[in-house]
Every structure is written in C-alpha cells, then in structure tokens.
Amino acid sequence: GVGNFWLGVEKLAAIDEALSKRRFDHAHSIYFDTLATTGAPGFLAMLFGVILLPLRFFWRRLGNATSATARCFALAGVVHTAAFAVFGLTETWFARMPLVDLAAFGLALCLAGSDDKRFE
C-alpha cells in the first residue's frame, strides 16, 4: 500500500517477467489498485464507501418504498452499484474520469428518484 505500483511493473518488465512491456501506472482492477496504493485501510474504506454503503441504502429504500416509481429507482440504484462493482473487477474506473462522472451521475439520479416523498 505504498503507492508505487508502476515501479513494480517496471522492475518486472526489466527482467522480462511482466506480461506487457507497456508501462501502466495502475492495476486494472479498482480493488487491486486501491489495495496496492492505499493498503488495507484504504481498500476497506473504498469498499464501504463506494459499494457497500450505496447498496445498503438502495436495498433499504427498495424494501420501504411505497410507490412503484420509487421502487424502480431504488432497484436501478442496486443494479447500477452492482454493475460498477463488477466492472471494477477488470477495470480501474477511478483512473478514467468519464466513467467516474457516469457513475456519480447515475448514483445521484437513483438517489433522487428513490425518494418516496417526491411521488406522494
């Protein structure tokens, strides 16, 4: 968790042990990249803040929603969060700003739409 992932890749490339000769400054997984750059505390904080907390929020909204529209938005929030969590297995979307914008916009949209008071 010292933040020097690219140095390890360069060392492996120098002795012909790396899978690629290209220099990557991040691991191609949000989980491995966060673990490599911030250690276990950063990894757990990212896992909790970006995936588990939104999933818990939307899951609770899904169970408590009284209107069909709010239920749809809560379900969309669960699917949206789960989809980006699965996508994070193979790609570091923290390193690509357009995807972070898309994730944040989709999350905000689902948060706003899952509010039951808007549909009373």
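Tutor: The account below begins with the model itself and then turns to the core, the aromatic pairs and the surface.

This is a predicted model, in which local features need pLDDT of at least 70 and side-chain atom pairs count only at pLDDT 80 or more, while totals for chains, interfaces and linings use all residues. Residues are numbered from 1 along each chain as its sequence is written, and side-chain values use heavy atoms, with hydrogens and water left out.

The pLDDT (the predictor's confidence in each residue, from 0 to 100) has a mean of 78 over the chain, and 70% of the residues reach 70 or more. Confidence is lowest in helix α1 (residues 5-14), with a mean of 59, and highest in α3, at 90. Helices here are DSSP runs (H or I, at least four residues), numbered from the N terminus.

The largest nonpolar core consists of six residues: Ile30, Tyr31, Phe43, Met46, Ile51 and Ala85. Helix α2 (residues 30-64) supplies the largest share of this core, five residues. A nonpolar core is a set of buried Ala, Val, Leu, Ile, Met, Phe, Trp, Tyr and Cys residues joined through side-chain atoms within 4.5 Å. Buried means under 20% relative accessible area, exposed over 50%, and partly exposed in between (1.4 Å probe, protein chains only). Tyr31 is buried because its relative accessible area is 13%.

Three aromatic pairs are found in the whole structure. One of them joins Tyr31 and Phe43: the ring centres are 6.5 Å apart and the planes stand at 80 degrees, so the pair is edge-to-face. Another is formed by Phe84 and Phe87, with centres 6.5 Å apart and planes at 90 degrees, and is therefore also edge-to-face. Rings of Phe, Tyr and Trp (its six-membered ring) pair if their centres lie within 6.5 Å; planes under 30 degrees apart count as stacked, over 60 as edge-to-face and the rest as tilted. Phe84 and Phe87 both belong to helix α3 (residues 68-87), three residues apart, or about one turn of the helix. Phe84 counts as buried at 13% relative accessibility, whereas Phe87, at 32%, counts as partly exposed.

Helix α2 also contains Phe48, which is partly exposed, with a relative accessible area of 48%.

Finally, Leu109 lies in helix α4 (residues 97-113) and is partly exposed, at 45% relative accessible area. Leu109 and Phe73 are 36 residues apart in sequence, yet their C-alpha atoms are 8.2 Å apart in space.

Definitions and conventions
Helices (H or I, at least four residues) and strands (E, at least two) are DSSP runs, numbered from the N terminus.
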